[in-house]
Amino acid sequence: MQIYLVGGAVRDELLNYPVYDKDWVVVGATPEEMIKNGYRPVGSDFPVFIHPKTGEEYALARTERKSGKGYSGFQYHASPDVTLEEDLSRRDLTINAMAKSSSGELIDPYGGQNDLATKQLRHVSPAFSEDPLRVLRVARFAARYAHLGFTVAAPTLKLMQAIASTDELSHLTKERIWQEMERALSERSPLTFFNVLEQANALEQLFPPFTTLVNNDKAQQIAAQFTDTTETKVRFAALCYVCFHTLSEAQTKLDQFCRDLRTQNQTRELAIHTLIAHPQLQCWSSLSAENKLALIKQLDLLRRPERLPPLQASTRLLSDTNTNAGELLANLCEELKGINPKALMNDGYKGAALGEEIAKRQIAICELF
Ligand code: ATP
Ligand code: MG
């Protein structure tokens, strides 16, 4: 059997980009041989194995045939006579369809190196159209490499538009769509993801509220402030604010959008809390003590202090001025936590009177911020 490094690792090595995960393809082997050599099968009917020591994925060379809708509607044919070139031909982009042998030889049957040099995201073959997930993947790679000058090749964009003109995108699961969007948000140029999807006529179908982001100055101003350490959920929340804050019933719609997409609870909550908090933080100094306390209670910030740092981050991204309202909010929460009900009870407060005294002290503290 011959083993080749394939996919992203080969691409990123050539780009001098950090390589995070390595995918391998095995030519000329049977599943039985793999198991005999200590590899662990990933599933019973999928020709992918895990290396016993490195944990990396080793896939048997395979061809595939479209047999149904969506990205899972494929029949795989893995056998020792499938060649490396055949395996590479089923891959999405030429820059993802290169392999490196154990002796370091580069195998590049579809012009991947040339497309790396000319910075083109180009499909390998017309079979590209068989998997709608590739529309999202290409948009995501565009978001990752836009700063290097990469663009989607015109014929590839045409194929993406062709996919979007059928019902294929509707067969992607919500989880998979969110997974791609979440990854795209963490890339260097997240807005490129939405721009490319728009050019492919797929944005309206996939993420209707996010059509607002295309050619949007505010969104660009926000994205320009993203750094390597800006968390994905913070990026999402700030961009959602741009998409939802002018809508009527924004909160319910944003909530529904996040539930439809199956985002994590934390991500949904931060997006909604940002929608609620940002307008108030913007006019913090003119808020009444009662309003400040109501905001803190609405977001449950005293019991859920972990909510504060990401909320400060998302609202800071949205702020035009150099306001310190987020910090004031955090300091205020800290002070409010200093109210000690036990000490008040020792002083003789109980029942309704205790509640009233706590509220009175809370308001008094809010007056100071
Ligand atoms: P990343 O750096 O994000 O891991 P990657 O290119 O390695 O990028 P993977 O999702 O790890 O992407 O997939 C490994 C390889 O498998 C890809 O480079 C590509 O050749 C192929 N591939 C993965 N998904 C698809 C798909 N939906 N259609 C065609 N080829 C695919
Ligand atoms: Mg990979």
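## Helices α5 and α7

Helix α5 (residues 133-145) packs on helix α7 (residues 174-185) at an angle of about 10 degrees, and their axes lie 9 Å apart. α5 and α7 are therefore roughly parallel to each other, since angles under 35 degrees count as such. This is a predicted model.

From α5, the contact draws on Leu-133, Leu-136, Arg-137, Arg-140 and Ala-143. From α7 come Arg-176, Ile-177, Glu-180, Arg-183 and Ala-184. By class, the contact of α5 with α7 has five nonpolar residues, five charged and no polar.

Leu-172 sits in the loop between α6 (154-164) and α7. Its relative accessibility is 7%, so Leu-172 counts as buried. Leaving out residues up to four places away in sequence, Leu-172 touches Tyr-71, Pro-132, Leu-133, Leu-136 and Ile-177. Leu-133 and Leu-136 also belong to the α5 side of the contact with α7, and Ile-177 belongs to the α7 side.

Leu-172 and Tyr-71 are 101 residues apart along the chain. Their C-alpha atoms are separated by 6.8 Å.

## The nonpolar cores

The largest nonpolar core holds 104 residues. Within this core, the members that touch the most others are Met-181, Phe-193, Phe-194, Leu-197, Phe-207, Phe-210 and Phe-236. Helix α11 gives the most to this core, with ten residues. Apart from it lies another core, of twelve residues, including Tyr-4, Val-25, Leu-84 and Ile-107. In soluble globular proteins, nonpolar side chains tend to be buried together.

What does Phe-193 contact, beyond its neighbours within four places in sequence? The partners are Leu-136, Ala-139, Arg-140, Ala-143, Glu-180, Met-181, Ala-184 and Phe-207. Of these, Leu-136, Arg-140 and Ala-143 take part in the α5 side of the α5 and α7 contact. Glu-180 and Ala-184 take part in the α7 side. Met-181 and Phe-207 are, like Phe-193, among the core members that touch the most others.

## Helices α11 and α12

Helix α11 (residues 232-244) and helix α12 (residues 250-261) pack at about 130 degrees, with axes 11 Å apart. That makes α11 oblique to α12. The crossing of α11 past α12 is right-handed.

Phe-236, Cys-240 and Phe-244 form the α11 side. They meet Ala-250, Lys-253, Leu-254, Phe-257 and Cys-258 in α12. The contact of α11 with α12 divides into seven nonpolar residues, one charged and no polar. Phe-236 has a part in the largest nonpolar core as well, as one of the members with the most contacts to other members.

## Two residues with positive phi

Most residues other than glycine have a negative phi. Glu-249 has a positive phi of about 50 degrees although it is not a glycine. Glu-249 lies in the loop between α11 and α12. With a relative accessible area of 53%, Glu-249 is exposed.

Asn-215 is not a glycine either, yet its phi is positive, at about 55 degrees. The loop between α9 (203-206) and α10 (217-223) contains Asn-215. Is Asn-215 buried or exposed? Asn-215 is exposed, with a relative accessible area of 68%.

## Helices α13 and α15

Helix α13 (residues 265-282) and α15 cross at roughly 60 degrees, and their axes come within 9 Å. α13 and α15 are therefore oblique to each other. α13 passes α15 in a right-handed crossing.

On the α13 side, the contact is made by Leu-270, His-273, Thr-274, Ala-277, His-278 and Leu-281. On the α15 side, it is made by Pro-310, Leu-311, Ser-314, Thr-315 and Leu-318. Six residues of this contact are nonpolar, five are polar and none is charged.

Ala-313 is placed in helix α15 (residues 308-318). At 22% relative accessibility, Ala-313 counts as partly exposed. The C-alpha atoms of Ala-313 and Val-234 are separated by 6.6 Å. Along the chain, Ala-313 and Val-234 are 79 residues apart.

Ala-364 is found in helix α18 (residues 351-367). Its relative accessibility is 41%, so Ala-364 counts as partly exposed. Ala-364 and Ala-289 are 75 residues apart along the chain, and their C-alpha atoms are separated by 7.8 Å.

Terms used
Residues numbered from 1 in each chain as written. Chains lettered and ligands numbered in written order. Predicted model: local features only at pLDDT ≥ 70, side-chain atom pairs only at ≥ 80, totals over all residues. Heavy atoms only, no water. Axes fitted to C-alpha atoms, helices over the stretch in contact; angles between N-to-C directions. Helix = DSSP H or I, 4+ residues; strand = E, 2+ residues; numbered from the N terminus. Parallel < 35°, antiparallel > 145°, perpendicular 65-115°, else oblique. Left-handed = near helix turned anticlockwise from the far one by under 90°. Contact = heavy atoms within 4.5 Å. Nonpolar A, V, L, I, M, F, W, Y, C, P; charged D, E, K, R; others polar. Core = buried A, V, L, I, M, F, W, Y, C linked by side-chain atoms within 4.5 Å. Buried < 20%, exposed > 50% of the residue type's maximum accessible area, 1.4 Å probe, protein only.
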